[in-house]
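Biologist: Please show me the structure, and then let us discuss it by question and answer.

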Amino acid sequence: NHASQSAKMLMIVVLGSLVLRLSIGSLPMWIDNAVLQCVVPSESMLPTLQVDDRIFVSRNPLYYPKSGDIVVFRAPPNAIENVGAQADDLFVKRIIATPGQKVSVREGNVLVNNVPLDEAYINAPANYRWGPELVPPNAYFVLGDNRIASADSHVWGFLPREFIVGEAYKIYWPAGRVRSLQG
């Protein structure tokens, strides 16, 4: 009877160890599927993001961008054609307008549905005119916070939804810059 209990306990410990090992072994794969780590490559998002900031990007398949969100996306065809981006390049920009909204840029102001955006996050106002245009279904208008030095929707057009990798939600390095990018 004692030997039978010992065998059961040993079996529970072995099974528990196996389940734990399999869980820990699949954790990196789950994290890689849910979170992307990126390095900011350019000054296009100054002052919000600096060159070489490391950011976490949520890859939630149910995510639908909202105005103000910072997103990471693969180079859309128009960026490949107009600014020489490569198909596997990743961009990071801010969502300015969503499907069905009218967007324009004039006299340093970005207007969505004829209302100027309050943009405390920008480096400097835009020095160009764009639009007005209606954002098509399943697309977004994105701009860098460094409006004067950003290859974004004002250069290559609307961002198709299928190119969005996810929402940038946190700077995790360098240590002195760690902070949330949401809200």
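**Rings, strands and buried residues**

Modeller: To begin with a single interaction in this predicted model, the charged end of Arg161 sits over the ring of Tyr64, at 3.8 Å from the ring centre.

Biologist: Over the face of which residue does Arg94 lie?

Modeller: Here an arginine again lies over a ring, with 3.7 Å to the ring centre. Arg94 also has a bridge partner in β9, namely Leu143. The residue whose face lies under Arg94 is Tyr121.

Biologist: How many helices and how many strands does the protein chain have?

Modeller: The protein chain comprises 183 residues, of which 38% are buried. It exposes about 10,600 Å², and carbon and sulfur atoms supply 58% of that area. The count for the chain is three helices and twelve strands.

Biologist: How many residues of β9 are buried?

Modeller: In a regular strand, side chains alternate between the two faces of the sheet. In β9, Ala139, Phe141 and Leu143 point one way, Tyr140 and Val142 point the other way, and all are buried. The number of buried residues in β9 is therefore five of five, where buried means under 20% relative accessible area.

Biologist: Which residue in β10 is the bridge partner of Tyr140?

Modeller: Strand β9 is joined to β4 (residues 90-97) by three bridges, and these two strands run antiparallel. Two bridges join β9 to β10, again in an antiparallel arrangement. The bridge partner of Tyr140 in β10 is Leu159.

Biologist: Is the ring pair of Phe141 and Phe158 stacked or edge-to-face?

Modeller: The structure holds eight aromatic pairs. A pair of aromatic rings is described by the distance of the centres and the angle of the planes. For Phe141 and Phe158 the centres are 6.2 Å apart and the planes stand at 65 degrees; planes over 60 degrees apart count as edge-to-face, so this pair is edge-to-face.

Biologist: How far apart in sequence are the parts that this pair ties together?

Modeller: Phe141 is buried at 0% relative accessible area, and Phe158 also counts as buried, at 16%. Phe141 belongs to strand β9 (residues 139-143), whereas Phe158 is in the loop between α3 (153-156) and β10 (159-160). The pair therefore ties together parts whose separation in sequence is 17 residues.

Biologist: Which backbone nitrogen does the side chain of Ser153 reach?

Modeller: Ser153 lies in helix α3 and is buried, with 1% relative accessibility. A polar atom of its side chain lies 2.8 Å from the backbone oxygen of Gly157. The side chain of Ser153 also reaches, at 2.9 Å, the backbone nitrogen of Val142.

Biologist: Is Trp156 buried or exposed?

Modeller: Trp156 lies in helix α3. Leaving aside neighbours within four places in sequence, its contacts include Phe73, Pro76, Phe91 and Val142. The relative accessible area of Trp156 is 2%, and the limit for the buried class is under 20%, so Trp156 is buried.

Biologist: What distance separates the C-alpha atoms of Pro65 and Tyr140?

Modeller: Pro65 is found in the loop between β2 (54-58) and β3 (70-74), and it is buried at 8% relative accessible area. Not counting residues up to four places away in sequence, Pro65 touches Val71, Ile95, Thr98, Tyr140 and Ile164. Pro65 and Tyr140 are 75 residues apart along the chain, and their C-alpha atoms are separated by 8.5 Å.

Biologist: Which strands stand at the edges of the open sheet of four strands?

Modeller: The order in this sheet is β7-β6-β5-β8, with antiparallel pairing. Each edge strand has a single partner strand, so one side of each is left without a neighbour in the sheet. The edge strands are β7 (115-116) and β8 (130-134).

Notes:
Residues numbered from 1 in each chain as written. Predicted model: local features only at pLDDT ≥ 70, side-chain atom pairs only at ≥ 80, totals over all residues. Heavy atoms only, no water. Buried < 20%, exposed > 50% of the residue type's maximum accessible area, 1.4 Å probe, protein only. Contact = heavy atoms within 4.5 Å. Phe/Tyr/Trp six-rings, centres within 6.5 Å; stacked < 30°, edge-to-face > 60°. Lys NZ or Arg CZ within 6 Å of the ring centre and 35° of its normal. Pairing = 2+ DSSP bridges. Areas by Shrake-Rupley, 256 points an atom, 1.4 Å probe, with all protein chains shown as cover. Polar contact = N/O pair within 3.5 Å; in protein donor to acceptor, adjacent residues only side chain to side chain.
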